Every structure is written in structure tokens, then in C-alpha cells.
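Work through the exercises below with the sequence and the model open.

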Amino acid sequence: MNDVDASYMKLALRLAAKGAGWVSPNPMVGAVLVQDGQIVGKGYHRRMGAPHAEVEALRRAGDAARGANLYVTLEPCNHHGRTPPCTRAIIAAGVRRVIMATPDPNPRVAGQGAAFLSSHGVEVQAGVLAEEARRLNEAWFKWVETGLPWVIAKAACSLDGKIATVGGESQWLTGEAARAFGHRLRHECDAILVGIDTVLADDPQLTTRLGEKRKNFERGGQGLFRKWPLPPFPKPPLPTPYGYGGTGVPPVPGEGGPAINAEQLSPAALSEKTRQNRQFSEFTENRKPKTVNRLFKDPIRVVLDSRLRIPLTARLLHLDSPAPTWVACTGAAPVDKIRALKELGAEVLIMPAESEESGRVALQPLLELLGNRQVQSLLVEGGAQVLGAFFEAKLVNKFYFFFAPLFLGGQEAPSVLGGRGIPHLQDAYQVRDIAIRHLGQDLLISGYL
């Protein structure tokens, strides 16, 4: 890896990050096309179902892509999913060399993209900023490799680790900058989870609120938000005016479709092709109602409530949010309450209990269910008992703890982590890769477990 390759890959990674919160269950991917030291095309995957980063960069580059180097943060796909294979588009555009950060662990790709490109005369190099690329998509990599969501623990507390006063006051411990950061985490995560005690104490909405007015939402449509749960296998691409999934990129000769020589198409013809494909894409997207001009998305709301104590008047049951509310209970929950929650539009997930003694929802089976529903990232916001349970079960992958410049004191004031605790220091949860930053007057400490 040389400095030139690293600089272009850094740009591709920055582009990829723009898709955070929108592309799941796909990974964030960015692409940069370089010809004779000049960037001729850039792109990133904007949302699920939209063109992949490589195709977007190729469209922007046009004829300048021929003989260029393509920097991409993940191995190009070589299969038909919601969009056609990127490898065909790369070859058809005449790209000379592909530099990718990391191979794709998805069994449907797993080296096939690189092998296909190489077999068609494209030079392929892998491993440029691979660690950075994996960290960008850490939730997606874990989900693909284990089927489980990436679990993020988030809490706001005083300097002495208290999340509320002895009187139960907790809003707001931290300032606006810290709260905005927390809402950004909600946007980027697929789901958010709290316990029933948090619902009873705070009556939270668990939505993403970053200065944008809430929009009206017509029940039954998801707009830019994906439907839950997604079908287990992606549907084949829809036919388009040009027969290739709306990409406007011709297939490789001999690979399942008539060859189209892009050089023979006039700029006016290419422009008309783009217009018709965009028109078709808008038509298919507009078949269902959508929330207009949303800059951020809401996560799925998950509530741990083993006996369904949640009030039917809880705010999170009466929102204009496109994201659903899932309430996880055990078989001990009353049937009439299950029925009442369903009538309000919530989905009730009946899970096994951790034990007869505790009666709490078992966390591991719940994570497996969320993973099966293509939830790749889960933001656990509390309260103390829920956070403690996730830490004790060693299910937390990453944490964000916000510390306000306050001391609350009080033996009875709740601390960040509840639960049984550990008897010996050697059993403490070991943290790595700690990062510290200031957010206004507050302090954010994050790290991995």
C-alpha cells in the first residue's frame, strides 16, 4: 500500500460513511474513480435498493472510467440481489484496476467478485486500509459472520456514575451536544432497546429528534424506510426501460444479455436513458406512501417487558414514526394485554424466560430473533438493570458513556450498571480502544469490549 492509494481509499471511506443509518441491511460502501491522477467519479451507497457505490461512481465518470483505477471500500458484488452485479458494470466500463479495502465475507460474494474481475483482465488489489473499512461496517461484519446484531450500550450519567438523583430525576443530565450525539446514534442503529422500568419512569418516545419537525405518516407505508421484517431472500431486480435493474450500465458481452457499446451512444441518448431510468425508479418508489423530507430515521423500538406492564397510553405506542414498536415478553404475559398491544399496532414477541426465578426475557434468544429479522445494530439505552444484564451476559460490543460535570451522590441513587455485579477484579469487563472527547461541557468515553 502506498500513500496515493491510501489517500484515495480514505476519501472512499468518508463517502461510504454518508450512508450511515440508511443502507442497512447492506453495508456502507464508497467508491472513487481516478484517471491519470485526477478524480473522475465518486459515489456511495445511499440507501437499500439504490445503486451501489461503484455504479454511482461509474455513472458520474462516464467515458472517463475507461482505463481508470477504482478505489472501493468493499469487494464488488458478483450476484443479483436488489441491484445487478457491480462486477459486470466495472468490466463494461473498461476499468483497468480495482483497489478494494477488504473482501466481502458474505458467502454470496466471498472472493467471487475479485475472481470474476481478475478473470476478465481487471487488476485487483486488496487490503488497503482494511482495518478502517472493517471498523466502519463493524455492525454489518458481525451480523454477516454470526447472524447476531452489534450491541452498543449507551448511558448518560454524573461524574460519580449516577444516572438519576435519589428522587428519580434524570432529564436532562447532559447538554444539547451530548443529546444530539445520542440521537445521531439512534439514526445510525437499526433498533433501540430499553427496559419496562425506563418506560414507566420516563415515558420515552425512542425516536430520532435532531431539530427536524416530525412529519405526518400514513399508516401502512414505509417510504425510504425498509419494511420489517424483510423477506429472507432478496427479490430479483425489477425490469426497466433498459432491462438492467435501472443502472443504465450495459451487461458484459456473453453474460446473459445483449452487449451495448456505450461509446456508440450519444450524450443525448445517455441523458435520455438516465432520465427514463430515474423516472422508472421514482414510479416504483412512489407506489407506497412515504414520510417526506426526513433527514434522519427512527430505529425500531424494542421494549423488554416480561409481564407486559407497559401502559396502553405509553407515548411510544402512539407515534407517527415509520419504525415499528416491538415488545418482548415471556409466556407469563396476559393474553388480553397481548391483544390490546397488537390493536395499537405494536408487535409482541413472546420469548423464553431467562430462568423461572428471574422471569426476565432471555437476552441471547432475543438477539438471535433480531438478527433473523436483519437487525444488525442494537442500541441499548437502559435502564440500569437492563444495561447490567447485557454486560453480565457479555453481549456488549461497544459503549458510549456520557459524563455530565455533576456529582449526584446518594447510596440509593441508581448507577449506570445494575445487576449482580462481579465478586473479583479479575472478572471485570476489560475495555480496549478507549476514545475520549468533549461534547460541550460533557465528556464522552467510548470503547470496545
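**Exercise 1.** Decide whether Phe401 is buried or exposed in this predicted model.

Solution. Step 1: a residue counts as buried when its relative accessible area is under 20%. Step 2: the value for Phe401 is 12%, so Phe401 is buried.

**Exercise 2.** Classify the aromatic pair of Phe391 and Phe401, and state which parts it ties together.

Solution. Step 1: by the rule of ring centres within 6.5 Å, the model has 8 aromatic pairs. Step 2: one of them joins Phe391 and Phe401, with 6.4 Å from centre to centre and 55° between the planes. Step 3: planes under 30 degrees apart count as stacked and over 60 as edge-to-face; this pair is tilted. Step 4: Phe391 belongs to helix α12 (residues 384–392) and Phe401 to strand β12 (residues 398–404), so the pair ties together parts 10 residues apart in sequence.

**Exercise 3.** Describe the place of Ser446 and how its strand pairs.

Solution. Step 1: Ser446 is in strand β14 (residues 442–448). Step 2: its relative accessible area is 12%, so Ser446 is buried. Step 3: leaving out residues up to four places away in sequence, Ser446 touches Phe399, Tyr400, Asp433, Ile434 and Ala435. Step 4: β14 pairs with strand β13 (residues 432–439) in the antiparallel sense, over 6 bridges. Step 5: the bridge partner of Ile436 in β14 is Ile445. Step 6: the hairpin has 2 residues between its strands, and Gly440 takes a positive phi near 65° there.

**Exercise 4.** Which residues of helix α11 are buried, and where do they fall around its axis?

Solution. Step 1: in α11 (residues 363–372), the buried residues are Leu363, Leu366, Leu367, Leu370 and Gly371. Step 2: down the helix axis they fall within an arc of 140°, so they line one face of α11. Step 3: just after α11, Gln374 takes a positive phi of about 65°.

Methods: Residues are numbered from 1 along each chain as its sequence is written. This is a predicted model: local features need pLDDT of at least 70, side-chain atom pairs count only at pLDDT 80 or more; totals for chains, interfaces and linings use all residues. Side-chain values use heavy atoms; hydrogens and water are left out. Buried means under 20% relative accessible area, exposed over 50%, partly exposed in between (1.4 Å probe, protein chains only). Helices (H or I, at least four residues) and strands (E, at least two) are DSSP runs, numbered from the N terminus. The arc is that of the directions from the helix axis to the C-beta atoms. Contact means heavy atoms within 4.5 Å. Two strands pair if DSSP finds at least two bridges between them. Rings of Phe, Tyr and Trp (its six-membered ring) pair if their centres lie within 6.5 Å; planes under 30 degrees apart count as stacked, over 60 as edge-to-face and the rest as tilted.
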